[in-house]
Amino acid sequence: MRKNFGAKPWTYPQPVFIVGTYDEEGRPDAMNAAWGGIDYDDQINLCLSAGHKTVKNLLARRAFTVSMGTEEQLVACDYVGVVSGNKEPEKFAKAGFHALRSEFVDAPLIEELPMAVECELVSYDPETCHLVGRIVNVSADERILDGNGKIDPMKLKPIVFDPVHNGYHVLGERVGNAFKDGLALAKD
């Protein structure tokens with residue numbers, strides 16, 4: 001038996017994206033965005049309200065970064081989601097974040113968050129809050145790489161948002177092999 005909840009914005013997992021921008025004075029800013037994902041090989045989509053300082057910044061600079069929230073930085077990641085950059089201009093620093101200049105876009109990388117997607121603005125619709133960015137680079141700190149030089153999710157320890165209980169969870173252990181395990185059912 002299933003229980004019906006009606007139309008809700010609930011899916012699992014919902015990544016915790018930390019969107020980074022520079023303001024008009026070159027001061028870094030960040031916000032927490034739980035609604036987003038990849039829809040093409042080179043595009044990311046986010047749902048961001050027009051009133052956010054971060055949105056104003058990315059519209060002006062036409063660039064932004066999307067860092068993965070991590071277990072280690074959970075408090076800082078939540079802080080940039082509950083405090084407005086419109087009211088607290090030093091929000092980035094108060095979170096304990098340090099900006100590194102991206103080589104690819106006019107937006108900050110967050111030193112404390114070891115993985116980021118660096119993006120150029122493609123489009124933004126203030127009525128629907130739908131933002132599309134073109135991915136120009138993905139960068140990762142060497143401390144989260146495995147022996148083959150690839151991102152190790154167990155070292156990254158990304159957090160995901162639980163929209164039903166308003167909680168954060170750490171991404172769990174590997175339980176299978178993509179594009180391989182299902183082939184067991186394809187055998188004749």
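Me: Which helix holds valine 82?

Reply: Valine 82 belongs to helix α2, which covers residues 74-82. Keep in mind that this is a predicted model.

Me: Is valine 82 buried or exposed, and how do I read that?

Reply: Look at the relative accessible area: under 20% counts as buried and over 50% as exposed. Valine 82 has a value of 61%, so the residue is exposed.

Me: How far apart are valine 82 and valine 66, in sequence and in space?

Reply: In sequence they are separated by 16 residues. In space the distance from C-alpha to C-alpha is 17 Å.

Me: How should I read the salt bridges, and how many are there?

Reply: Side chains of opposite charge can pair when their charged atoms come close. Here, the count is 9 salt bridges. One of them links lysine 94 to glutamate 88, with 3.1 Å between the closest N and O atoms.

Me: Are lysine 94 and glutamate 88 buried or exposed?

Reply: Lysine 94 is exposed, at 54% relative accessibility. Glutamate 88 has 18%, so glutamate 88 counts as buried, given that the limit for buried is under 20%.

Me: Which residue does arginine 27 pair with in a salt bridge?

Reply: The partner of arginine 27 is aspartate 23, and their closest N and O atoms lie 3.2 Å apart. Arginine 27 is partly exposed, at 24% relative accessibility, whereas aspartate 23 is buried, at 4%.

Me: Which residue forms a salt bridge with arginine 143?

Reply: Aspartate 141 does, and the closest N and O atoms are 3.2 Å apart. Arginine 143 has a relative accessible area of 43% and is partly exposed. Aspartate 141 is partly exposed too, with 33%.

Me: How many aromatic pairs does the structure hold?

Reply: There are 3 aromatic pairs.

Me: How many helices and strands does the protein have?

Reply: The protein has 4 helices and 12 strands. Its radius of gyration is 18 Å, close to the 16 Å that the globule rule gives for 188 residues, so the protein is as compact as a globular protein of that length.

Me: What does the C-alpha trace span along its principal axes?

Reply: The span is about 65 × 45 × 30 Å. The accessible surface comes to about 11,400 Å², and carbon and sulfur atoms account for 53% of that area. Of the 188 residues, 40% are buried.

Me: How do contacts relate to sequence separation here?

Reply: Take the contacts between residues at least 6 apart in sequence: 58% of them join residues at least 24 apart.

Me: Which residues does the UniProt domain annotation cover?

Reply: The unreviewed UniProt entry carries the annotation "domain: Flavin reductase like" for residues 12-143. In the model, that span is 17% helix and 44% strand, and its end C-alpha atoms lie 27 Å apart.

Key: Residues numbered from 1 in each chain as written. Predicted model: local features only at pLDDT ≥ 70, side-chain atom pairs only at ≥ 80, totals over all residues. Heavy atoms only, no water. Phe/Tyr/Trp six-rings, centres within 6.5 Å; stacked < 30°, edge-to-face > 60°. Helix = DSSP H or I, 4+ residues; strand = E, 2+ residues; numbered from the N terminus. Buried < 20%, exposed > 50% of the residue type's maximum accessible area, 1.4 Å probe, protein only. Salt bridge = Lys/Arg side-chain N within 4 Å of Asp/Glu carboxyl O. UniProt positions renumbered as here; feature names shortened; annotations may be inferred. Rg over C-alpha atoms; globule rule 2.2 N^0.38 Å. Contact = heavy atoms within 4.5 Å. Areas by Shrake-Rupley, 256 points an atom, 1.4 Å probe, with all protein chains shown as cover.
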